[in-house]
Amino acid sequence: MAAIPYPLGGAQAEAKRPAFSEYLRWSIDHKIIGVQYIVTALFFFVVGGGLAMLIRWELLTPDLDVMANGSAYNSLFSIHATVMIFLWIIPIFAGFGNFLVPLMLGAKDMAFPWLNAFAFWLIPPAGLLMLAGYFVGPAEAGWTSYPPLSTLYSPDGQTLWAISLHLLGISSILGAINFIVTVKNMRPAGMGYFQMPLFVWSILATSIIVVLATPFLAGALTLLILDRVAGTAFFDPSQGGDVLLWQNVFWFYSHPAVYIMVLPGMGILSEVLSVHSRKPIFGYRMIALSSMAIALVGFTVWAHHMFTSLTPELRIPFMITSMIIAVPTGIKVFSWLATIWMGKIHYTAAMLSALAFLSMFVIGGISGVMLGSVPVDIHMHDTYFVVSHLHFVLYGGSVFAIYAGIYHWWPKITGRMLDERLGRIHVGVAYVSFFLTFFPQHIVGMLGMPRRVAYYDPQYQTLNVIISISAFVLGISTFILLYNLVYSTIAGKRASANPWRALTLEWMTTSPPPAYNFVGDPIPFEDPYGYGTEASKAYIDAMEARFGPPVAPKPAPAKPAAPVAPQPSAGD
Amino acid sequence: MDLNNRSSGSSMIVPIAVGGVLIVVGGLLISQLAPSAFPVQASAESEQIDTLFTVLLGIGGAIFLLVQGLLLYSVLRFGVKPDDMSDGPTIHGNTLLELIWTAIPAVIVLVLVIYSYSVWVDIRQVRDNEQTVVARGARFAWTFEYTDPLGRIEGPISSGILHTYVGQPVKMEMTTADVNHAFWVPVMRIKQDLLAGRTTEIRFTPTLAGEWRVVCAELCGSGHGLMYSFIRVHETEEEYLASFIDPAVDTILNPPPDPALRGGTILASGAYPCSGCHVLVDEQFGINWAGVTGPNLEGMGDRADNRRSGFTAEQYLANSIYHPAEYLVPGYGALMNVFQNDDPAAPYYMPEQDLQAIVAYLCTQTSTGESACNAEGLVNYIRDTEAPDFVSIEESAAAEATPESTADAMAEATAGVSAESTAEATPAPSGESTPEATAESTTAP
């Protein structure tokens, strides 16, 4: 082992939370912007979840009886999907990235702070535009919005939908450019690319995808808007247009978007699993490089969403690439399993969420390979099997990763510990109800129920009732988390600088971090996951001596004798 | 699976072997669950696809057991003891292990790709002696067209149900009149999108007699969930040909003398996609429609007369079929397809005789059973529709402002299947070039 890199000395910064009003206005502090992203996204999570509850309520019976008509039902799942993808998962990962990347790099802010704020402030108007669709007839062509349904047969909300997505796309691109520049230029001395925390790697891979793919979404949306308002006919075959043009360009963005939505979650998982099982991440390089492999191969698989519309001869190449992408994903899963193997697993809420991700994401991966096989997909395409698959990946995967991230970093963000007991209840309830909501959907789909229908064959009712009831429980479980967030932020236990005894740099400052994050330039530990060595222990102890002892991750305080270090005075 | 002590290799062989056997056996057992999640197999393709799925499920099941097993074992075995603040062993990786879990999945997906490809090639094969059926999708109904297998008539025979028989390879040629749809027969495991502006194909060979659901699997609008029909697979060719004679061919070969009877037969045959949107129940012809996006047709004859001022019952009905957007029943949008008698090759072609028969039939939908139409007036009126200036829109709009028509329509809407339909306001398409909007729409006050 190399010499122990002690941090520089220096005064303890006052860990005071910014005033509440700071969060409501333009700010170029990446931590404030990060929180703005996270809170905005949580708001839309509740909106999208509410729409999902209405969908499940409608599907309790085989007939249309809750919504006024088929169009109203179609707008439910269209807006639900769009909100969840573009206003919940993507922004909240941008929020985590904003808050954490500069901290993990020991930097004072993002490379372009003003641009960062601008990227965030595009989101609220975009969200309002999306919801404003309800005043003019909301988008009802599904989040995929295939023409001609979305061009010739949809109300004006579809135009608002497209403009809103345009804004969100611009926001994503600006944020991603910022991340790439930050990661490239602002790493501290001694941190090469292969000493970066894996979360930073995942944000880098994600940002590269965003910069390369999102312009294609912008292109497709521009054509759609022109077709709708300017009388062009890019997608109107009666005037020489082509409906497959949209499908190709849309999926050329939207399949990589799946990785935009899941890679940051994989980054969170790498952090949480390693820290909470007190063991180095297994196969660091393979995990980092597999993110890049996924990003790259992810650009060659888009047409597997079109196995029933694409020219038959072209389907096989896309089947091959789609199946290949299972390999780097498998590498990650096995590396994570090997990470917790022989570790010392602390059953914190963050760890339980991460384990839930592993457990559920694998099912999504397996069903993904099934769907990747053309003959099987011919039967499964556009059925509830697909609905199930995508929720296993995006809820069982991304959302549980988000939960893990929230439980892991909330103490750093707010300076207060979350209620661990409530957290574990939340994760447990969410895990069970999630499984019961989405697993039976595989079977309903295989038996013959298409997706996006308000009416269905009565033979599927029993399963649908089970699904709906589980979905209601899942919906309610979210409020346990929200209550925990609000309550603990106001009245929770104070968090020390490094409650989980982690090695990455975001923990080497007070909780919450002061303005400009660090006093002096922090020195990163040589290996962000070097748990179990004397050097790492010494590093953490030195930090602890500087900022005060950790709050034990287990409910029972493990170090009762430790003196209470100077804590920040009460700050709102 | 011990990552650290590979030196004590021999002691690890037993648990790895036991675990491996458990996983393989478990995967095999899980794969046996596949049939219970599928509907019956009713085509040659379904057998191959199900076998492929069973293999995928077996491999997937084994991977599932492996991952969840390791996860569960870790969670139970490696939980930290209370007060233990120490770290786990410093293991950064193991090249051999990482190679193994890169190579084995790669080999597995390679095998699956090859296997899937061979199945794919097989189910796409062009068979001898194919029966070609033209399918047309329109919001929200299916129409199937055949050439007469006995060669009695020229031109296609339409029906709302797809007829074929066991062992007959079928080739579908599919077009859509409006948005994209998808032709899916769950029991046959086949699906193909219908794309606007293109003709798409799919092949299958039924193996099991029965009546099976044909489902639209691509979102096509408000009535998407109602867009289903049936495929009737007859036991033998003889049975198929026998049943083929009625009603479709029969109507054409021996048209009933009474136009109302002929109209009922035409509507019952599904030759025109009415059933997806309208409500109409008539036991005599076996009509049982339960659409929601169009006005109710029950008792239509009673209302047709005074629905629109200046129009007699037969004029109103005929006009509503050839120019549906000219007058909209309050609460309903301009969603209906515009039928025309100019171009037999275009979608929604409805020859004049058919129109006459359908209107005559609808006129008999009265509480008394008496026709509300004047037979002669009907014929004359329809003949007049040949003239290009069919009805001047300004004229009709000016003559429109009668309070009764609105009140009547309200009553109809409430009597209809969905009481909310007056508030439904099915949004009119916003694009300027929609088929429906070719006739300028005039909404009632």
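Axes are lines fitted to C-alpha atoms, for helices over the stretch in contact, and angles run from 0 to 180 degrees between N-to-C directions. This is a predicted model, in which local features need pLDDT of at least 70 and side-chain atom pairs count only at pLDDT 80 or more, while totals for chains, interfaces and linings use all residues. Residues are numbered from 1 along each chain as its sequence is written, and chains are lettered from A and ligands numbered from 1 in the order in which they are written.

**Exercise 1. Describe how helices α2 and α4 of chain A pack.**

Solution. 
Step 1. Helices (H or I, at least four residues) and strands (E, at least two) are DSSP runs, numbered from the N terminus. Here α2(A) covers residues 70–104 and α4(A) covers residues 123–136.
Step 2. Their axes come within 11 Å and cross at roughly 170°.
Step 3. That crossing makes α2(A) roughly antiparallel to α4(A); angles under 35 degrees count as roughly parallel, over 145 as roughly antiparallel, 65 to 115 as roughly perpendicular and the rest as oblique.
Step 4. From α2(A), the contact uses A:I79, A:T82, A:V83, A:L87 and A:P91, and from α4(A) it uses A:I123, A:G127 and A:M130. Two residues are in contact if their C-beta atoms, placed from the backbone, lie within 7 Å.
Step 5. Sorted by class, six of these residues are nonpolar, two are polar and none is charged (nonpolar: Ala, Val, Leu, Ile, Met, Phe, Trp, Tyr, Cys and Pro; charged: Asp, Glu, Lys and Arg; polar: the others, Gly among them).

**Exercise 2. Locate A:R451 and state whether it is buried or exposed.**

Solution. 
Step 1. A:R451 sits in the loop between α14 (420–447) and α15 (461–491) of chain A.
Step 2. A:R451 has 22 other C-beta atoms within 10 Å, so it is buried. The cut-offs are 20 or more other C-beta atoms within 10 Å for buried, 12 or fewer for exposed, and in between for partly exposed, with C-beta atoms placed from the backbone.
Step 3. Beyond its neighbours within four places in sequence, A:R451 contacts A:D382, A:T383, A:Y384, A:V386 and A:V387.
Step 4. Between A:R451 and A:T329 there are 122 residues in sequence and 27 Å in space, C-alpha to C-alpha.

**Exercise 3. Give the strand order of the five-stranded open sheet in chain B and follow one of its pairs.**

Solution. 
Step 1. The order is β4-β10-β9-β6-β7, with mixed pairing.
Step 2. At the edges stand β4 (162–165) and β7 (190–194), each pairing on one side only; two strands pair if DSSP finds at least two bridges between them.
Step 3. From one strand to the next, the twist averages 25°.
Step 4. β4(B) runs parallel to β10(B), residues 228–234, and four bridges join them. B:T164 has B:V233 as its bridge partner in β10(B).

**Exercise 4. Describe the hairpin of β11 and β12 in chain B.**

Solution. 
Step 1. β11(B), residues 279–282, pairs with β12(B), residues 287–290, in the antiparallel sense over four bridges.
Step 2. Opposite B:V281 stands B:N288 of β12(B).
Step 3. Four residues lie between the strands, and B:G286 takes a positive phi near 70°.
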